[in-house]
Amino acid sequence: MRRFRIIVRVLALLLAGSFLHYVLPQHDIVQISQAEPRRTDFGSFNRWFYAQADSGSTELEIRDVFYIFTEKNEIFLLGFIPRDSTETMVYRNEDTGWIWPPYFKFDSSNLHGQATVQAGRFTGDGDGNWAVITHYGWRIPFLSIFPNAVNIEPVESPDVRIIPWFNIFFFVFLVVAIVFIRAAWRQFRERSVDPLLDAAGDQYDEVQAGVAERKGRISRWLGTWRDKSKNRPID
Amino acid sequence: MGFIKLVIFCFIGLTVIYFSVSIFSRSVRKERLEKQFDAENPDGGEPGARDAFVAEGMQAYHSSIRPKLIGLVYVVPTVVIAAIIYTINAN
């Protein structure tokens, strides 16, 4: 039972962790080589990993999605450890609109313009058009799932220090919220649930006592019909 | 439409949070008043004095600025959303 509980907890933690890893913004240092729109025929599963049509447009089965093709500096351990190698990375560039995830991104066309300009500076020999792309999501090639680029910031060189302010504030807020919910729940239990349970327990005891007494009364009454000569000690 | 959905769901969620926070805040204040009275009157005081003390303290709490500050539950997310919209979409 204890092992089962540990497994459930680890699974829940993993699930929450990967959810946050998917949804929270991350920063990549990249060189954009190309930006283009491409008709995308969503499958029934990978549809979940795309946003909806541009805000203000009609939702259709199939539509064009902007993609950004880049050479990305590889990172290790959420970017805490930089590496020397590069890898190819492709981002999609979609409006998230008003709903989910709450990036409130409406400027995918502007971002496409920015990405195109940045790609025009691409020389191919490893210098010139460094940029920091802020994105959320995962690249899963065998399901054709792409991370969504949210912002492109041209930088001078790949050695920029990135401070993830939003994530810092988010985790501080998360800790504060968890502490608050714990305190509120304890207060609620101490002040509302426990007295109620005590009262219910008392009532239960009273009912039990009442039943016992009534039973006693009935059996006493029944006893008056019994033959008094039976079970009488023999004298 | 997305925006209306957002407003409705945010309003429902924030209302739940608002009421939970105000109930919690009231409960904490009441508990503190009760403990304060018990500390000042170890013998229990006169009958009814404890309730009167707590009621008076709660009245003072309700007319103070603290319960009104819980209204920030609605204000802060709105400001945060506006700030996110600005920073994401401004180039």
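Visitor: Which residues touch the most other members of the largest nonpolar core?
Guide: This is a predicted model. Its largest nonpolar core holds 21 residues. Strand 1 (26-41), strand 2 (62-76), strand 3 (81-93), helix 2, strand 4 (130-136) and strand 5 of chain A each supply at least two residues of this core. The members that touch the most others are A:Ile68, A:Tyr91 and A:Ala149.

Visitor: What does A:Ile68 touch, not counting residues up to four places away in sequence?
Guide: Contact here is taken as C-beta atoms within 7 Å. With that cut-off, the partners of A:Ile68 are A:Ile32, A:Ala35, A:Val90, A:Tyr91, A:Asn93, A:Ala115 and A:Ala149.

Visitor: Which element of chain A gives the most to the side that touches chain B?
Guide: The contact draws 16 residues from chain A and 15 residues from chain B. On the chain A side, at least two residues each come from helix 2 (108-120), strand 5 (148-154) and helix 3 (165-225). The top contributor, with 3 residues, is helix 3 of chain A.

Visitor: How do the residues of that side of chain A divide into nonpolar, polar and charged?
Guide: The side in question is the one of chain A that touches chain B, with 16 residues from chain A. Its residues divide into 7 nonpolar, 6 polar and 3 charged.

Visitor: How many residues does each domain of chain A give to the contact between domain 1 and domain 2?
Guide: Chain A is split into domain 1 (2-162) and domain 2 (164-224). Their C-alpha centres lie 48 Å apart. On the domain 1 side of the contact, the residues comprise 3 nonpolar, 1 polar and no charged. The contact takes 4 residues from domain 1 of chain A and, from domain 2 of chain A, 4 residues.

Notes: Residues are numbered from 1 along each chain as its sequence is written. Chains are lettered from A and ligands numbered from 1 in the order in which they are written. This is a predicted model: local features need pLDDT of at least 70, side-chain atom pairs count only at pLDDT 80 or more; totals for chains, interfaces and linings use all residues. Two residues are in contact if their C-beta atoms, placed from the backbone, lie within 7 Å. Helices (H or I, at least four residues) and strands (E, at least two) are DSSP runs, numbered from the N terminus. Ala, Val, Leu, Ile, Met, Phe, Trp, Tyr, Cys and Pro count as nonpolar, Asp, Glu, Lys and Arg as charged, and the others, Gly among them, as polar. Domain bounds come from an automatic or database domain assignment. A nonpolar core is a set of buried Ala, Val, Leu, Ile, Met, Phe, Trp, Tyr and Cys residues joined through C-beta atoms within 7 Å. A residue is buried if 20 or more other C-beta atoms lie within 10 Å of its own, exposed if 12 or fewer, and partly exposed in between; C-beta atoms are placed from the backbone.
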